[in-house]
Amino acid sequence: MSDAASRSRLLENPPVRSIRWVGDEFGCPEIIDQTQLPDQLVRLRIESAEQMWQAIRSLRIRGAPAIGIAAAMGLVAELRSRHDAPLEHYLYHLQATIDYLATARPTAVNLFWALDRMRAVARSRSWDSSTALHRALHAEALALRDEDAALCHRIAQHGAELLPKRGGVLTHCNTGGLATAELGTALGVIVAAWCRGHELHVYVDETRPLLQGARLTTWELAQWGTPHTLLCDNAAGQLMREGKVQAVIVGADRIAANGDTANKIGTYSLAVLARHHAIPFYVAAPYSTFDLQLRSGREIPIEQRPATEVTEPRGVRFAPAGTEAYNPAFDVTPAELITAIVTDRGVIRPVTAEAIARTLGEAGHR
Ligand code: MRU
């Protein structure tokens with residue numbers, strides 16, 4: 001797939017979607033099990049909040065926007081068996097399940113944002129039956145998915161022009177259709193630019209320890225047909241030194257009011273390298289990833305994951321048994337290292353608290 005017409009048709013109907021709803025309001029979500037990729041494309045039906053909690057915690061579904069949609073859909077799946085229970089009983093379980101799903105992972109703010117949206121539906125009026133409320137919650141979960149898809153397309157539109165007409169673009173982790181409803185954030189910008197005829201070569205960071213770049217981003221780029229090369233995370237400096245990278249673009253898990261950005265561990269090192277080499281460093285994220293209640297990145301909670309993900313990734317032990325490992329899932333890149341943040345509302349450049357407040361306006365949700 002290389003000519004411009006077929007590329008732009010592809011953009012209208014992106015090839016990868018992380019999650020879908022199966023059946024009516026009493027149905028359940030189905031996710032692509034991302035831990036099985038790229039070897040197998042396995043779809044998993046999720047029937048309860050506990051299954052969804054486990055799927056989010058174990059990264060069967062991952063990426064900030066996808067986690068939010070997944071939690072909302074998991075909530076609806078959990079509550080379907082109670083749709084004919086007394087309203088008080090339904091509301092009690094709604095609140096308890098929201099509180100439970102909110103503990104699945106701590107950093108991506110989209111999780112809490114999506115659950116807040118679900119809670120707001122329950123509070124929006126006085127419901128006369130559990131079934132009526134259940135139908136409204138189902139509709140809201142689907143709306144969250146549709147909205148995220150639309151946000152991604154807007155981000156791609158705003159961001160594509162920032163990328164070079166020809167050259168190398170480096171990205172980290174996975175920010176495509178697997179991490180969102182469809183298309184993606186940073187990866188969406190990249191494929192949109194490529195679909196519009198930019199002659200891009202994508203350099204994909206492996207993204208240790210869980211290899212979201214090596215396993216997922218390469219798999220997605222192959223679906224698009226976009227030229228790409230995989231590198232070990234620690235080869236990025238040398239690649240830049242060789243002049244092969246004209247832009248870096250990454251996603252975000254949470255952006256504080258001043259623009260400090262939490263994203264997959266290794267993002268901060270890339271931003272430092274990019275600054276040293278005078279390469280623009282872009283972040284792409286929807287408004288739902290901003291947390292304007294937090295003044296700076298220092299306040300963003302960083303998830304710590306098990307040492308075994310480092311010492312024995314995917315069950316293969318590299319380090320002597322019992323070796324301690326440092327394994328934060330995310331790091332924080334200070335705003336001053338970010339050239340611009342591409343959002344669905346437009347491009348924020350330079351990245352300052354004032355520019356963020358101006359661009360997000362009423363959309364700043366928390
Ligand atoms: O631990 P993960 O794989 O959920 O981390 C994902 C990331 O860091 C992504 O870059 C971020 O969520 C943006 S996804 C559009």
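Helices (H or I, at least four residues) and strands (E, at least two) are DSSP runs numbered from the N terminus, and contact means heavy atoms within 4.5 Å. The model is predicted, so that local features need pLDDT of at least 70 and side-chain atom pairs count only at pLDDT 80 or more, whereas totals for chains, interfaces and linings use all residues. Residues are numbered from 1 along each chain as its sequence is written, and side-chain values use heavy atoms, with hydrogens and water left out.

Strand 9 (residues 261-264) and strand 12 run antiparallel and are joined by 4 bridges, and Asn 263 has Asp 331 of strand 12 as its bridge partner.

Arg 254 is placed in strand 8 (residues 254-256) and is buried, with a relative accessible area of 5%; buried means under 20% relative accessible area, exposed over 50%, and partly exposed in between (1.4 Å probe, protein chains only). The side chain of Arg 254 reaches the backbone oxygen of Pro 106 at 3.1 Å.

Around the ligand there are 17 residues, of which Arg 62, Arg 105, Asp 253, Asn 263 and Lys 264 come nearest, a residue being near a molecule if one of its heavy atoms lies within 4 Å of it. A polar side-chain atom of Arg 62 lies 2.4 Å from an oxygen atom of the ligand, and a polar side-chain atom of Asp 253 lies 2.7 Å from an oxygen atom of the ligand. A polar backbone atom of Gly 63 is 3.1 Å from an oxygen atom of the ligand.

Helix 8 (residues 212-224) has 13 residues and reaches 17 Å from its first C-alpha to its last, close to the 18 Å expected at 1.5 Å a residue, the expected span being 1.5 Å times one less than the number of residues. Because 10 of its 13 residues are buried, helix 8 is largely enclosed by the rest of the structure. The buried residues, among them Arg 215, Trp 219 and Trp 224, pack against elements including helix 1 (4-12), helix 7 (186-195) and strand 9. Just after helix 8, Gly 225 takes a positive phi of about 85°.

Terms used:
Pairing = 2+ DSSP bridges. Polar contact = N/O pair within 3.5 Å; in protein donor to acceptor, adjacent residues only side chain to side chain.
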